[in-house]
Structure formats: structure tokens, C-alpha cells
Amino acid sequence: MIIKVPDIPDEGLTIERKALEDAPFSDPAWRLDGLRLQLERDGPDVLAHGEIRATVPQVCGRCLEPFGARVTAGVDVRVAPRPATADNVELAADDLDVAFYAKDELDLNVLVETETTLALPMKPLCREDCLGLCPVCGGNRNVVACGCRDRAPDPRLAVLRDLAARRSR
Ligand SMILES: [Zn+2]
Ligand SMILES: [Zn+2]
């Protein structure tokens, strides 16, 4: 969805989920669950405040199973006209993130996708108490209690085990 910056009224503009009839994400597997954004003009800039809720496919860092991560992104962004040259960039005095628009057009899809991406978990877990993979047989301990604790590790599984250990850190 494209917002024409000069069309934003002085009192601001509220964007809700239903305003984005098309999914804003380039990956169709990402789902927008909720959206509320308030856009206000501040000189040539646009201030965007609000919240995005989305479900994004992730791979669990412990058991390596894919799952849909629920993401809530708090939005607090200053969107400035894209400067003609890098020399013109004037850093915002406040702590807002800064994004850019060009030709009076603010692409809301890009804003929503960027903010959602920034809110993705660093270490995704399918659930808080995910049991991960068995270090011996590599089985998913959420699914089967393999009970192979006492057996010597299979060297063929060392690679998988290392991967799981690294990802769960
Ligand atoms: Zn898991
Ligand atoms: Zn096992």
C-alpha cells in the first residue's frame, strides 16, 4: 500500500489491518495478524507509531522443526525524504529508527516488512520448554522419549549434534 505523503492530513492518519487488503509481505508464507499504525507529518518527515502482529515461519533452534513464530513489532519510526546525496543525511535527534521515502510516496508494505523482520526472534524456539534433539540418536525429544542416554554417541550424528548445540546457544 502506497501512502501519498502530502495526502496525510494534519491530524494524522490511522492505518488498520483491513486497509492492507493485499498481504504486505513479499513472502506469502508470512501472515499479517494485526496492524495499527498512526502516521503523522513532522515537516517533511512522517512519524509512524503503532504495532504490527504477524506469524512468520521459523525453524526452532533446538529441535530444528519449522513452526510459525508469533511476532509483535512495536513501531516507532521517522520516515524522511530520501536525500539526493549521502552528505545531506541529518541524523534525527531522537531515538527513533529512520527510514526513507521517495517521490512523496511512502510504501507501507516495505515499512511493515522491515519492522516485522527487525522484531524476529534471535533464537527462535517452537516453545519455551522445547526439549530439542537427543544428542545420541538425533531424535526429536518432544516427540519420542528415546531413552538412549547410556549408549555411546553415533559418530555419524556428530554433525547434526554440533549444529543443534550451536543453534541452541
Ligand atoms: Zn523446538
Ligand atoms: Zn536418543
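This is a predicted model: local features need pLDDT of at least 70, side-chain atom pairs count only at pLDDT 80 or more; totals for chains, interfaces and linings use all residues.
Start with the strands. β3 covers residues 31–42 and β4 covers residues 45–59; the two pair in the antiparallel sense, over 11 bridges. For a point of reference in that pairing, look at Leu 37, which sits opposite Gly 50 in β4. Between β3 and β4 the hairpin has 2 residues, and Gly 43 there takes a positive phi near 60°.

Now the other partner of β4. That is β5, residues 66–81, also antiparallel to β4, with 14 bridges joining them. Here Gln 58 stands opposite Phe 67 in β5. The hairpin of β4 and β5 has 6 residues between the strands, and in its turn Leu 64 has a positive phi of about 65°.

On to the cores. Which residues touch the most other members of the largest nonpolar core? They are Ala 48, Val 79 and Leu 106, out of 18 residues in that core. β4 supplies the largest share, 5 residues.

Take Ala 48 as the example. Leaving out residues up to four places away in sequence, Ala 48 touches Leu 37, Leu 39, Val 75, Val 77, Val 79 and Leu 111. As background, nonpolar side chains in soluble globular proteins tend to be buried together.

Last item: there is a second, separate core of 6 residues. Among its members are Cys 60, Cys 126, Cys 134 and Ala 164.

Note on methods. Residues are numbered from 1 along each chain as its sequence is written. Chains are lettered from A and ligands numbered from 1 in the order in which they are written. Two strands pair if DSSP finds at least two bridges between them. Helices (H or I, at least four residues) and strands (E, at least two) are DSSP runs, numbered from the N terminus. A nonpolar core is a set of buried Ala, Val, Leu, Ile, Met, Phe, Trp, Tyr and Cys residues joined through C-beta atoms within 7 Å. A residue is buried if 20 or more other C-beta atoms lie within 10 Å of its own, exposed if 12 or fewer, and partly exposed in between; C-beta atoms are placed from the backbone. Two residues are in contact if their C-beta atoms, placed from the backbone, lie within 7 Å.
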